[in-house]
Amino acid sequence: MSEALMITALSELDLPNNLTLKMSEVVDRGMIDLRGLPDDKKFLSAAKKVLGFDLPRTPRSSTEQGELVCLWMSVDQWLITCPRKQTADLHARLVEALGDTHSLAVNVSDARSIIRLEGETVRETLMKGSSIDFTQPEFTAGTVRRMSFAEVAAMVRIVSEEPDVFELMVFRSYAHHAWDWICATAKEGSGVSFLGARESPATV
Amino acid sequence: MSNNPYRVPTAGIGDDVGRLIDPKKQIDFRWNGNKFAGFEGDTLASALFANGIRVVGRSFKYHRPRGVVGLASDEPNALVGVGSGNLQEPNLRASQVELYQGLEAKAQNAWPSVDFDIGQMNSIFSRFFPAGFYYKTFMWPQSFWKNVYEPIIRRAAGLGVAPGGADPDTYEQFNCHCDVLIVGGGVAGLAAAQAASASGARVIIADENPQFGGIGDIAGGSIENQPQTAWIRETAAALAQAENVHLMTRTTVVGHYHHNFVMMHERVADHDPALLRSGAPRHRLWKVRAKKSIVASGALERPIPFANNDRPGVMLSTSVRGHLIRYGVAPGYRGTIFTNNDDAYRTATALVQAGVSVARIIDVRPEANGPLAEEAEKAGIQISTGMAICGLEASVGGKQIKSVRIAPYSGSGRVSGAEEEIRCDFVAVSGGWNPAVHIHCHNGGKLDFDEGLQSFVPRPHDDPMQTIGAANGTFGLQAILQEAYQAGEAGGQSSKSAKAGAGKAPAAESVSENALQPIWFAPATGKYNEGNKHFIDYQNDVTAADLELAQREGFESVEHTKRYTTLGMATDQGKTSNIVGLGVLSGSTGKAIPEIGTTTFRPPYTPFSLGSIAGTQKGSLFHVVRRTAVFDWHGENGAVWEPIGDWRRAYCYPRGDEDKHAAINREILTVREKVGILDASTLGKIEIKGPDAGALLDRIYTNTFSTLKPGRGRYGLMMNEMGFLFDDGVTVCLAESHYLMHTTSGGAERIAAWLEEWLQTEWTDMQVFVTPVTEQWSQFAIAGPKARALLEKLEGDVDFSPEALPFMGCVAGTIEGCQARVFRISFSGELSYEIAVPSNNGRVFWEKLLEAGEEFGVEPYGTEPLHVLRAEKGFIAIGDESDGTVTPLDLGLNWAVSKKKADYIGKRALELPHLSDENRKELVGLLTDDPNEVLPDGAYAVAQVKDKPPMDMIGQVTSTYWSPTLNRSIAMALIEKGRSRMGEKISFPLEGGKTVKAEIVSPVFYDQEGARQNV
């Protein structure tokens, strides 16, 4: 029996050609939602044994090692992303390593859609749909931020800077809404360049 | 001159007059349909002056001709409509409309034309239209207000008209944070920005005008030994180069809210529609969170009301000077100046220097001395001190000023004695300055009255907000700069990475000015008093007499006076009229102005577009529509949609000529006779795991779950603390201490939050994790006698036999290459399964089900057939049978309400007398006497039918359908003591006098023994 065909939320949407940023759906990442107590040493070491690194404990941070990325979601929740084909195996290894330790690891690879955004206008485009100011200095590579974006629950991870690459995650049923919102707000000619040098303004 | 009647000959040549226009670049525009030309840099107001047009609109109530009064956003009079059709925008201030090629503008509230207006009759009969006229006159008969009076009044009174259709332009919003937000880009704002940005702080400085500099170009004085304009230019340029500063023009700070949340309205493309075509939004609404805000909003010049002071050509003094120096236009050929302060002398001198005659400076003060008066005298201008304007003569119709009359004015406010008539065609008025305290006041800022300025000034604000410069009542140039620097530097230190301070404020020089003498009202004299009006609020046509009348009629509080007379309630929010109105009230009541108090300053500072409030949220982005993985398939196959929560679910799938009813009936019979499939992906799904998971479920549900064995499921009910039913669903045990809860579609997020709240705030000792997984799974119901046969055709490792998977069993496996969870549950009463597969496989799996079921006649069914199927079986639906006031016991669900468990949410509440009362409404079934009669949803049952209400109501219909299975109507209802009334006939009086009778029966209409699902 072969694996069933996968149709992601955004696979049938067209990308307009008048955008100020590059936008695509990330389809090859799997996701595991991991819950556990941050002061439970058994839990932390079991997770480390499987992942090869410590779960990030700093709020709004992420740890990336090899093909694994672990995002801090809250004090007792993490989202681990990995190559989609490895998800079932990684999930099984986590469940096994965690054993009786109070924890919950769930494969949620299809629960969210990931939209990859790339370019100089990413931050200001997101600021048209969210009250988070991504131009503040703390928003460096690796930062994770959960937020309301385009009036829906969303989360962003800064993959790298210069050029900016962001991954926007929204629940699957909202994916097309977030996609359409970005298409509407990232149109050429509508960019906002917040702060920074500019032409001298008119004066009286 | 003949082409440009009021444009002074030297306009645009040199830097003295017309400094903002370029006479080499002509701009064509249309006014009331006629072609005119102006220059690049003109506003609509200045271009109209240049073309000899002084009447730009008709007033709100009396339809009097009106012209330009102010220089910018303070303009109360010259409201115009710009654009046409669905692009037309009403009520824009002509002084703020920038001229562009092809601009179309028109006058408002005028019929048939602005030059000849029939409504002017109102003015002739104006003595019959006093304050409160509408309240007093149109009282009777009551029904006439809505149908007769109001439509007529609305047509005659009012401002511009709304645009003709949907707005094709785009709007958007932008959110940001900053260390320092500076409101206003005049000298004070620029200096504060300079000081604040020196520390490295993130600074936003916003000004509502197209240029920075406020009125620095017409205010005189010098900064660092150069004209103010040079300093302004250099400072703004330096700020533009800074990496940490954001400069904004055409951006009005419209509101200040809690915690320094500030809303700004940026007019991105109004001045240049070409920007729209290149993708720019028309307006952008900024939502800024500022650590500190500095208000440098300047001051508003106030007029002095005198007889017929609304005639076109009566303008504020700085407006006359600004129009002259910026655009090279004058409001006429021969002006008079009416003032109580020194600044207006600058206007007189500037006019004469530009070649416009000034007939007289009329100063209410007994003496005029000081450098500005001397300069005016040197320019040969005649000055009359201790005098006031007591009359104004205009041409018939009031469009052209001919002369003013002046008379001696005593400090006590009396005008009497020898009069003199002065020929002139315009009047520049200055009654002093009101600090623009609006932004300071929006979020509760308080005011103090300054006797020297005769105006209100801000008291220190509770928010991290500081008002500086003229907005703070500080008028000396050097004092303004020092105040701005101090505020800017202090603000800059709010940055996390603040560097060293800004240094010393620049040095400035300005001429000294004498104190003003307060004057709120120059009454008309003698017979001129008859029929003359002294306008306080131009935009709402409120006169000094109206305010006095309101006092006489007992509207003593200023808030009552405001609402009775509409003073300050127009689109300008009383910018020019507010303090003057208070002054008039002070004079008529004998109370000091501070005793009278002010009315409330509310956002917005100026009107701004509804489009910017909507922002990106319009059309398909107005509100999210959540889509399941099979959403597109439903759409492609003719689904009629039903919104459930934010989801769109297929309601039914009409085929060919079928209407909805036919489709629903077909889909129901397919499930009853063959097999149907339903997209149930929207059902809430929550994984619950931990040593205390079973105990948690026992507290959340009314029935017991801790006894549930792995691989088994149970239907459960949830109550809130008040004992009311609020969600239901099947929870299955996946493994030891590991459960999967199903909730209603609309309840998914609410229930997840409910569980977290109990765990995080009340039962913190419980070891349980809760993870919502609704979006991970596509879930489909396969229901009908052929359901098992269909599933057995699928390739996979799941055994669907009744032995391996009995009713309420659950199993995991792989089906058609998909990881699958199979639940044998039924909401239709038929043999039924629900299968969950990962969402990205959902569409493929759905199509596999259809393919495998083809030989059995499978069809998809929608939410309406789902509801009829469950109603035939007497299954309740949350939100139909429950409405937040219904307990599980009311619904006869006693079997699911544990009597053994020690406690669970809502248990105690069920003991309360009103919930255990035997007279409560109980769920019953209804069969109408006429089987073809379907009761309306929500229909009331009454104890006894009477000719007309009121009748004693004994209950209401909760679900009502046509059942194709039973070929008759069925309904469920909550009826007082319903279960003890089995077999009774009750009546439902409907609209139109019809009464439907129905028999009370069991709510289970079909397959009462449940044989169909146990196969």
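Chain B contains 25 helices and 50 strands; helices (H or I, at least four residues) and strands (E, at least two) are DSSP runs numbered from the N terminus. The model is predicted, so local features need pLDDT of at least 70 and side-chain atom pairs count only at pLDDT 80 or more, while totals for chains, interfaces and linings use all residues. Residues are numbered from 1 along each chain as its sequence is written, and chains are lettered from A and ligands numbered from 1 in the order in which they are written.

The C-alpha trace of chain B spans about 115 × 75 × 55 Å along its principal axes. Of its 1015 residues, 55% count as buried. A residue is buried if 20 or more other C-beta atoms, placed from the backbone, lie within 10 Å of its own, exposed if 12 or fewer, and partly exposed in between.

**Nonpolar cores**

A nonpolar core is a set of buried Ala, Val, Leu, Ile, Met, Phe, Trp, Tyr and Cys residues joined through C-beta atoms within 7 Å. The largest has 232 residues, and those with the most contacts inside it include A:Ala178 and B:Ala192. Helix H5 (residues 187-197) of chain B gives the most to this core, with eight residues. Apart from it lies another core of 107 residues, among them B:Ile27 and B:Phe29.

**The interface of the chains**

Contact means that the C-beta atoms of two residues, placed from the backbone, lie within 7 Å. By this criterion, 54 residues of chain A are in contact with 61 residues of chain B. On the side of chain A that touches chain B, the largest share, six residues, comes from H4(A). That side divides into 22 nonpolar, 18 polar and 14 charged residues; Ala, Val, Leu, Ile, Met, Phe, Trp, Tyr, Cys and Pro count as nonpolar, Asp, Glu, Lys and Arg as charged, and the others, Gly among them, as polar.

**A sheet in chain A**

Five strands of chain A form an open, antiparallel sheet in the order S3-S4-S5-S2-S6; strands pair if DSSP finds at least two bridges between them. Its edge strands are S3 (62-65) and S6 of chain A, each pairing on one side only. Strands S4 (residues 68-74) and S5 (residues 77-83) of chain A are joined in the antiparallel sense over five bridges, and A:Cys70 has A:Ile80 in S5(A) as its bridge partner. Helix H1 (residues 41-51) of chain A packs on the sheet, touching S2, S4, S5 and S6 of chain A.

**An enclosed helix**

Helix H23 (residues 839-853) of chain B has 15 residues and reaches 21 Å from its first C-alpha to its last, close to the 21 Å expected at 1.5 Å a residue; the expected span is 1.5 Å times one less than the number of residues. Because 11 of its 15 residues are buried, H23(B) is largely enclosed by the rest of the structure. Among the buried residues are B:Phe845, B:Trp846 and B:Leu849. The elements that cover them include helix H18 (631-636) and strand S40 (777-783) of chain B.

**Backbone details**

| Cis peptide bond | Omega |
|---|---|
| A:Glu162 and A:Pro163 | about -5 degrees |
| B:Pro949 and B:Pro950 | about 0 degrees |

A:Pro163 is in the loop between strands S9 (152-160) and S10 (165-171) of chain A. B:Asn260, a residue other than glycine, has a positive phi near 55 degrees. With 20 C-beta neighbours inside 10 Å, B:Asn260 counts as buried.

Notes: Axes are lines fitted to C-alpha atoms, for helices over the stretch in contact, and angles run from 0 to 180 degrees between N-to-C directions.
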